[in-house]
Structure formats: structure tokens, C-alpha cells
Amino acid sequence: MNPAMAMAMTLNATDNSGMAPVATPWFFYSLAALAVISGVLVITRRNAVHSALALIVTLLSVAGLYLMLYAPFVAGVQIIVYAGGIMVLFLFVIMLVNIDRSSKERRFNRIWPVGLTASCALLALFVSAIVKGKDLFVDRMIPLPEGSNTQEIATALYGEVVKTSQYPKGQYMMGQYTFAFEIASLLLLVAILGAVIMTKKKI
Amino acid sequence: MPDFITSYLDRTITVTPGAAGSQFWALIYVLIIFAGVSVAVICMNWIERKALAHFQVRLGPMRVGPHGLLQPIADAIKLLLKEDIIPAEADQFVFWIAPLIGLLAAFTVYTVIPFGPSQAVSDMNIGILFMLGVSSLGVLGIVVAGWASNSHYPLIGALRSSAQMVSYEVAMGLAVISAILMTSLNVSGTGTLSMIGIVQAQQQQGVWFIFKFFPLGLIAFAIFAVAMVAETNRSPFDLAEAESELTAGFHTEYSGLRWSLFMLAEYAAMIAVSSIAVTLWLGGWMHPFPNLLHAQAWEFLFSLFPGLTFGGLAAIAYIGAQRMPPHSFFKIQRIGLAVFAVVLAFIALLLLMIAVVAGLLPQSSAAAQFTTGFRDGIDNVYWFVLKVAVFMYMFIWYRATWPRYRFDQLMRVGWKVLLPISLGVLVLTAIVGVYFS
């Protein structure tokens, strides 16, 4: 009997954090590639339904990435809320639109230089964060050996906990990261109000 | 034998192959469940046609095999050989992929369905969330099929179906949450979303959640029982395929194999939602009164049930063979039914033998431990499948009994009746759980 099995034996039925991650880089790269490819398809397809289907694939592969980060709850909510709920409403609306006519129409994307500039700036930000990030927040950095798997990273982030379900995500959300959380909800509120105002001509 | 096969066979391992990290046995379980569900769908097809016929004082299929027993096989062959038509104006790729989306969503949820404490592919700690999420993806298949057909009836059917499924998902989710709240009233005080954990919580608390906080558990269960019929687009909520108004609804343009994939997905989804109801409210794999009747003698008595069930089926088949009209036309059918009876009797004998051997062998011996484990596994699966089978019969019963809802009635029931009640039950469950237990 190998040591992984011996370890798994000592766990109870509701605990599967003892599983050693299998082929982590392979899963990460294939999920990431799937997300990127289908993300590109979302903006390049002329047919809105094809775009929506590609978007569903993107959302599902992002859910897979959440799973790899030891955040199964976030992955489950991602599937329920985005892939199952919002995308169904998307398709619902798209189906009521005359696809043939709208796919032949010239698109009103005259502000593409602005979009390109903004996305390039964001890309530059990400790249610089990766390249120069090591020197920026030295005191906050968690030392990890090269080639650590996701489980080791999760342990470093959340500390040694017995069960995956006990990672204190809720506490973080209501404690350390309250501000970011509230900003996100404010953003959602603005989006809801905007949608109502744009659709209703007279309120 | 190689290590990856034998390592999981250790008697001390009491978790699912997924949790034990045994990919080989997880794969075997996946294959067994896939085959089992497919066979169950075939059986369900026959039973539904026969039961519906008897509800309406007809005979149902009688020609293909004795009492139409081979009718599903004939149907399957017919569907496989039929011409596979894709309408010229349809969106080819989406039309092709739509049944696969539905099928994938319906079969993926079986990963976490607990047929026993270790008889599941894997045990996720987000089990019920995963099930609800993936089964809600099934509606995508229907919506996309209706759109890709590029025809009016399918489009209307798909629109109706998506509106219906989205609105009943809300009440369904709230009913599920009230059951999950009950799991947190354990001794340890921590709740769980894991399917196996939910059943174990019922065992620890010594009550099925349908009877917990009477009548709150019962009401939540009733809401789920209504919502799950609507979620699977079954009668009386089958507006998506209302044949009197929409020909066949979202699958009007589908034929042959693709159509049968839709049917397979629908029946697989029915079994899956029934399994959720059984797991959450009816004690999953446990036999009645598991904490009271757990003595050796009771375990032995309950372990006889699977064998006796197959014995009863064998007896029915044997009586059927005896009652065949004494005419040479029916000779082959009579022989066939007799052979079927013998096969069933053989299975019954095997199951009884396992039960008796496990009951009579001295408990300390290694052979007894192995057979006891085997017997317990059969027991768990038997009770789970029995409870699910009751739900499947209820689906047929609903279909035979109730007229179809009108669309405004459907929406009214969903939003104005089920949703407020389920919200109230959720709040009351929380209050009772905190202050009165």
C-alpha cells in the first residue's frame, strides 16, 4: 500500500482534502487555454448565440480553475449563478432577437481604440505585477518553494486546516476584505439601477 | 494484481473511491452507474407505457416479447436505424451539440449521488450545490435545441421551458436550503453540503428530515416534490413539449438517435432529482429505523429484502408464463418468459445466499467480514434504489392523473405559492433550529 492510500484511509467520509492533486499543471494549462480560446470566440463570432455558448464554456473553465484553487464553493456558485442562471437569461433574450438581421448589421464599435488602449493598459498592469511584484510587497509575501502544488499554496494562505470546507472564506470576506466586498456589491447595485433606467424610458 | 486495483479493496477503507484517491475504482463505478442508469431508463420506458396503459384500461405493448417486454429494445433499434434529419435552415453545429449538453448535464450529477456510505463515485464537500448547479445546465440543452431548430414550435417550447425552469429553480433551491440547515443541528454543530454527509446527519440525529420539525420538513419536501416535476419538464408541467399546442415542443425537429438522446437525458434527470429528494429527506441508503433496528437479527432480516424482491419478480414472471394462452403461437413467448423467470430466480438465489452466508458465518472470520461488507453494500444500494423507484412511479402516476397546467397557472404556482411558502419554511426552520432544539 502506498503512503497516499494510507493517508486517505485515516480520513472520514466527508473529508477529501487528503487527496494528492493529480497532474496539476496539465489541468491548469488546459483549463486556462479553454477559457482564453472560448473567450476570444465570444467576441469574434458574429452569431450572438454562438458567442453565448462560448461564454458558457469560458465560465465553466473558470469554475474549474476555482476548483483547482481549493475553492469548491466558489466553483459551485459560479456554475449555478453564471452558467446556469445568467446565461439562460442571456440566451432567453438573444433568442427573441432576429439573429439574421443583427448579424448582418455593421457594428457600432467606433470606440475600439479606447477599448484597445484600456485592455493594453490592463495587460501592462498584470505583466508588471508579475515581473516587478516580488519587490513591491516584500513584507506581505508568503515564501513558497518553486513548483509548489495548489494544496501547498492553499495551506500557506489559509493555514493548516483539516477539511476543505473549513477554509475561513466567509470570515475573510466579512473581515479583512470587507471594503473590496462592499465595493463589488455597490458596483452590482449601479449595474442594476443602470439596467432599469436604460430599459424604462419613463420611471 | 497491481497496486491500483487492490489498494481500494482493503476492508478498512470506508470512503468512496474518489475520496480514497483510487482513480481505477472511480472509473469502474462510473461505468457501473452509467450502465445501471441506462438500463433503468429502458425499464422505466416499458413500465411507463404499461402503467399508463393500465391507468387508461388498455393493455399497452403486448406484441414484442411476452407482455411487450422486448418493446424498449425494439424501440431502441428503430431509433438507431432511423434517418437522422437536420433541417436545412437549422444551425448545424448547435443543433448537433444541443442533445449532448442535456445528456452531459443529466449524467454528470451521478458523480455525487450516494448509493451508500462508500457506494458513490466521489464525495464532494459541495455535493448538493454541485448537483443543483449541473442539473440547472440541462436547461441550456433545451433552450439551444429550440433555437437551433429554426422553427416556431421548438422556439416557443424552449422559451416556455427556460422560463419554467428558472422560476421553479428558486423554490427548489430554498427548499433544499432548509434541509441543509437541518444538517447543522448535529452534535458537532457543523452543517454540510456533502450528499453522504447529509444522510449521515440524518442517521446521527435519528430522524429523516421529512419528519424533522414536523410539519416544516414535510412542507419543504412537498415543495421540492412539486418543483422537481417542473424542473424535469414532466406532466403536469410539460408545457415545453405540450403536444396539443406545440406538436412536440423543443424537440419537434429532432428524429432518430438525437431524439432518443433527449429522452435519455430527461429520464436520467428524473432519476437524478428523485435521488436528491431521497438523499435530503428520505434517509438516502438507510433502511427504515436504522438506529432502532440495528441488531444482528434485524440486519439479517433486512438483508433478505433484495433477494425476496427478485424472488417476487421471478414468481410474477413464472405466473405470467403459466397464464399464457395454450396455443402454439404463444409457445416462444412462454419459453422466453419462463427463461426470464429463471434468470430472476437465479439472481434472487444469489442475493439470498450472500445474505445467509453473511448472517451465519462467525463474525470474526475474514470471509464473514468480506461477505458482510458485500451484503451491506447490496443493502444500501437496494434501499436507495427502492426509494427512487417509488418516485419514478409517482412521475408516471402524475402523468396519468393530472391535466396539464396553463402557462399563467404554472407561473402563479411557482412565484406566488411555492416561493413564499418555501421562504417561510426556511425562516421557520432557522428559528426552530436555533431556539427549540
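These are legends for a set of close-up views of a predicted model.

View 1. Chain A has 9 helices and 0 strands. Read from the N terminus, its elements simply go α-α-α-α-α-α-α-α-α. The chain is 203 residues long, and 15% of those residues count as buried. Take the contacts in chain A between residues at least 6 apart in sequence: 53% of them join residues at least 24 apart.

View 2. The average pLDDT of chain A is 74, with 64% of the residues scoring at least 70. Which elements sit at the two ends of the scale? Helix α1 (residues 3-9) of chain A has the lowest mean pLDDT, 37, while helix α2 (residues 24-44) of chain A has the highest, 89. Residues 1-18 of chain A have pLDDT below 50, and this stretch makes 40 contacts in the model beyond near neighbours in sequence. Another stretch to look for is residues 162-166 of chain A, where pLDDT stays under 50 and the model has 9 contacts beyond four places in sequence.

**View 3. Helices α14 and α15 of chain B, side by side.** Helix α14 (residues 305-322) of chain B packs on helix α15 (residues 331-360) of chain B at an angle of about 165 degrees, and the axes are 8 Å apart. That angle is why α14(B) counts as roughly antiparallel to α15(B). The crossing of α14(B) past α15(B) is left-handed. On the α14(B) side, the contact residues include B:Pro306, B:Phe310, B:Leu313, B:Ala317 and B:Tyr318. From α15(B) come, among others, B:Arg334, B:Leu337, B:Phe340, B:Leu344, B:Ile347 and B:Leu351. Sorted by type, the residues of this α14(B)–α15(B) contact are 18 nonpolar, 3 polar and 1 charged.

View 4. Is helix α7 (residues 138-148) of chain B largely enclosed or largely open? All the way along, 11 of the 11 residues of α7(B) are buried, so the rest of the structure largely encloses this helix. The buried set includes B:Val139, B:Leu140, B:Ile142, B:Val143, B:Val144 and B:Trp147, along with the glycines B:Gly138, B:Gly141 and B:Gly146. After α7(B) comes B:Asn150, with a positive phi near 55 degrees.

**View 5. Helix α10 of chain B against α12.** Helix α10 (residues 216-231) of chain B and α12(B) cross at roughly 170 degrees, their axes coming within 10 Å. The two helices, α10(B) and α12(B), are therefore roughly antiparallel. From α10(B), the residues in the contact are B:Gly217, B:Phe221, B:Phe224, B:Ala225, B:Met228 and B:Glu231; from α12(B), they are B:Val273, B:Ala277 and B:Trp281. By type, the α10(B)–α12(B) contact has 7 nonpolar residues, 1 polar and 1 charged. B:Ala225, in helix α10 of chain B, is partly exposed, with 17 other C-beta atoms within 10 Å.

**View 6. The loops on either side of α10 in chain B.** B:Phe213 is not a glycine, yet has a positive phi of about 50 degrees, and it is buried, with 23 other C-beta atoms within 10 Å. In the loop between α10 and α11 (243-246) of chain B you'll find B:Pro236, joined to B:Ser235 by a cis peptide bond with omega about 5 degrees.

**View 7. B:Val57, a loop residue with positive phi.** B:Val57 belongs to the loop between α3 (23-55) and α4 (71-81) of chain B. Phi at B:Val57 is positive, about 55 degrees, although this residue is not a glycine. Is B:Val57 buried or exposed? With 6 C-beta neighbours inside 10 Å, B:Val57 counts as exposed.

Definitions and conventions: Residues are numbered from 1 along each chain as its sequence is written. Chains are lettered from A and ligands numbered from 1 in the order in which they are written. This is a predicted model: local features need pLDDT of at least 70, side-chain atom pairs count only at pLDDT 80 or more; totals for chains, interfaces and linings use all residues. Axes are lines fitted to C-alpha atoms, for helices over the stretch in contact, and angles run from 0 to 180 degrees between N-to-C directions. Helices (H or I, at least four residues) and strands (E, at least two) are DSSP runs, numbered from the N terminus. Angles under 35 degrees count as roughly parallel, over 145 as roughly antiparallel, 65 to 115 as roughly perpendicular and the rest as oblique. A crossing is left-handed if the near helix is turned anticlockwise from the far one by less than a right angle, and right-handed if clockwise. Two residues are in contact if their C-beta atoms, placed from the backbone, lie within 7 Å. Ala, Val, Leu, Ile, Met, Phe, Trp, Tyr, Cys and Pro count as nonpolar, Asp, Glu, Lys and Arg as charged, and the others, Gly among them, as polar. A residue is buried if 20 or more other C-beta atoms lie within 10 Å of its own, exposed if 12 or fewer, and partly exposed in between; C-beta atoms are placed from the backbone. pLDDT is the predictor's confidence in each residue, from 0 to 100.
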